[in-house]
Amino acid sequence: MTHLETPEEFHARVAAATDDEGRLAVAIEEMPGWFIYPYELDGLRIKPLEPLEDAEPPRQGEDPADCSCRQEETPEHAARIAWANERWQLVEVEMKLPVTFVLRPRAHHDLADLPDDLASEMGVLMVAITAAVESLPSVGRCHVGRYGDGGAHLHPFFFGRPARMSQLRGSPLLDWEENLPPVPEEVRRANAAHVGRRLVERFGGTGPAWEA
Ligand SMILES: [Zn+2]
């Protein structure tokens with residue numbers, strides 16, 4: 001049988017590449033050396049490698065009984081819903097980009113256990129959300145990300161990458177984002193409402209909660 005590498009083996013290989021302080025060298029020939037990387041290299045160093053953990057840290061909502069989907073919806077959450085149908089909610093997220101969303105199934109699932117019918121519908125929705133986000137004048141590309149490290153309830157992200165700002169391309173976008181000035185609430189909401197209305201046109205359902 002093929003041996004699949006263990007966490008210990010992976011971690012040991014990384015640890016073997018560190019220096020006396022447990023630090024990896026900054027890979028200046030890789031991302032940190034690209035012009036899209038937000039930080040200058042002078043003084044930049046990588047944090048010492050931490051020991052391998054005994055287990056994955058717990059996530060919010062790992063037990064469905066504790067997940068927000070089983071609690072009564074808060075007015076704050078309801079007010080941020082840009083589009084919804086019987087099975088999904090597209091929720092506007094406050095970030096320093098033209099627009100940011102998470103897509104959530106109403107039922108408690110993560111990506112790895114999403115039933116096929118919802119998975120099929122999610123694929124169609126991801127295409128439509130991406131097209132709607134990319135139709136915004138201030139957006140150059142819609143970045144899509146599923147991390148799932150903090151919350152167990154599926155919530156893929158859709159990030160509107162600002163148009164004509166080449167430095168903000170690619171995976172460092174979120175490192176730039178932390179350092180950008182806030183986007184005025186009315187600007188974010190107008191962009192999110194545009195996307196919500198596009199989805200209503202294609203799929204029905206309900207549009208931006210704040211325009212209801
Ligand atoms: Zn849930």
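A search of the whole structure, which is a predicted model, turns up 13 salt bridges, each being a side-chain nitrogen of Lys or Arg within 4 Å of a carboxyl oxygen of Asp or Glu. Local features here need pLDDT of at least 70, side-chain atom pairs count only at pLDDT 80 or more, and totals for chains, interfaces and linings use all residues. Numbering runs from 1 along each chain as its sequence is written, and side-chain values use heavy atoms, with hydrogens and water left out.

One of these pairs joins Glu5 to Arg13, with the closest N and O atoms 2.5 Å apart. Glu5 is partly exposed at 41% relative accessibility, and Arg13 is partly exposed too, at 46%; the scale calls residues buried under 20% relative accessible area, exposed over 50% and partly exposed in between (1.4 Å probe, protein chains only). Arg146 and Asp110 meet in another salt bridge, at 3.0 Å from N to O. Arg146 sits in the loop between strand 4 and strand 5 and Asp110 in the loop between strand 3 and helix 3 (116–134), so this pair ties together parts 36 residues apart in sequence. Helices (H or I, at least four residues) and strands (E, at least two) are DSSP runs, numbered from the N terminus. Of the two partners, Arg146 is partly exposed at 37%, while Asp110 is buried at 11%.

Over in helix 5 (residues 185–203), Arg188 and Glu185 are three residues apart, about one helical turn, and their salt bridge has its closest N and O atoms at 3.6 Å.

Strand 3 runs antiparallel to strand 2 (residues 88–92), joined by five bridges, with Trp88 partnering Pro105. Strand 3 also pairs with strand 5, again antiparallel, over three bridges; here Phe101 has Phe158 as its partner. Strands count as paired if DSSP finds at least two bridges between them.

As for the loops, Arg164 lies between strand 5 and helix 4 (173–179). Arg164 is exposed at 84% relative accessibility, and its phi is near 55 degrees, a positive value in a residue other than glycine.
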